[in-house]
Amino acid sequence: METKLMEYILSIAKHRSISRAAEELYLTQSALNQQLLKLERELGAPLFIRTRNHWELTDIGELYIENAKEILQIKRQTYKQIEDMAKRWNQTITMGLTPERGIQMFTAIYPKIHAMYPETIFQPVEESVEAQIKLLDTNQLDFCFQTIYERKYKHLIYDTILYEPFYLCVPNSHRLAYHEHLAPEQYPEISLREFKDDLFTLVRKSSTMRDVLDKLFEQAGFKPKLLFESISMRTMQQLAKSGECCSIIPRFYAIETDDVSYFTLGPNARWELATVHAQNHYLNSAARDFIRLASDYWKTHLYIE
């Protein structure tokens, strides 16, 4: 399926300049312009309004670009399906990972997935949820693993791996701490209202988790006094262990220790760990097996090692 001309027009539209598009495509400006003029003669209408320093799409140009993107996406997905059926798995699969836990999962399952698909390159990208969405929308990720509290984007497909509770992590010097060893299902439930006067370390506001925590504190009727905001769950637990403050961390990071007590905060104190991909994006056998191994890993390793 020859689609090179569509790629040429998309490049001009992206740069709003034929000279910059020619540079990107390794063509001379004259050759690219001839291709554009040939297409416009074929269509009987201009695709661009030309000025000296800027090219703008016409209404017909907008229609052409919209459909060209769709055709190219169909081509990419068709070729991926053919490669999968022919068992030609010598391509790159790129997945988005959540910071900290994501790369630990990747290193744990990589030897097994590499043995299954030795010709496939599995490329991890550590990014925030919002950054992953942008990469999915521009076809720079095949799929990603996200920790979310709501499924915000209707154009994406979400598949649940598990729901993960958050635990209040309290120093054992705290007046409400307990000192017996309990299994996670035995952790007592407590209200955040009991900690209105305590100091907290919480994940930064840029995190999806912080959105959930802010709602929990709002329901409890107060804003927490913050010692520190961090991107590291390990750091937050360490500060609680040292007796500096309380914290709230996901189950995956809630390591059992004599230095802290854990409490549950009710059914709303949780988020979803899910696999996410675009609706029109084909996941081949290698991608699906990677997702299966990752899901099995997280369901087995409920705590970080």
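Arg52 is placed in the loop between β1 (48–50) and β2 (55–57), where helices (H or I, at least four residues) and strands (E, at least two) are DSSP runs numbered from the N terminus. The model is predicted: local features need pLDDT of at least 70, side-chain atom pairs count only at pLDDT 80 or more, and totals for chains, interfaces and linings use all residues. Residues are numbered from 1 along each chain as its sequence is written, and side-chain values use heavy atoms, with hydrogens and water left out. Arg52 is exposed, with a relative accessible area of 81% (buried means under 20% relative accessible area, exposed over 50% and partly exposed in between, with a 1.4 Å probe and protein chains only). Although Arg52 and Ser17 are 35 residues apart along the chain, their C-alpha atoms are separated by 9.3 Å.

By contrast, Asp289, which lies in helix α9 (residues 285–300), is buried, with a relative accessible area of 18%. When residues up to four places away in sequence are not counted, Asp289 touches Ile113, Met116 and Tyr117; contact means heavy atoms within 4.5 Å.

Two packed helices are described by the angle between their axes and the distance between the axes. For helix α2 (residues 18–25) and helix α3 (residues 29–43), the axes come within 9 Å and cross at roughly 110 degrees. Axes are lines fitted to C-alpha atoms, for helices over the stretch in contact, and angles run from 0 to 180 degrees between N-to-C directions. On the α2 side, Ile18, Ser19, Ala21, Ala22 and Leu25 meet Gln29, Leu32 and Asn33 of α3. The residues of this contact comprise five nonpolar, three polar and no charged; Ala, Val, Leu, Ile, Met, Phe, Trp, Tyr, Cys and Pro count as nonpolar, Asp, Glu, Lys and Arg as charged, and the others, Gly among them, as polar.

The chain as a whole contains nine helices and eleven strands. Its radius of gyration is 25 Å, well over the 19 Å that the globule rule gives for 305 residues, so the chain is more spread out than a compact globule. The radius is taken over C-alpha atoms, and the rule is 2.2 Å times the number of residues to the power 0.38. Along its principal axes, the C-alpha trace spans about 80 × 45 × 30 Å. Of the 305 residues, 48% count as buried. Among contacts between residues at least 6 apart in sequence, 73% join residues at least 24 apart.
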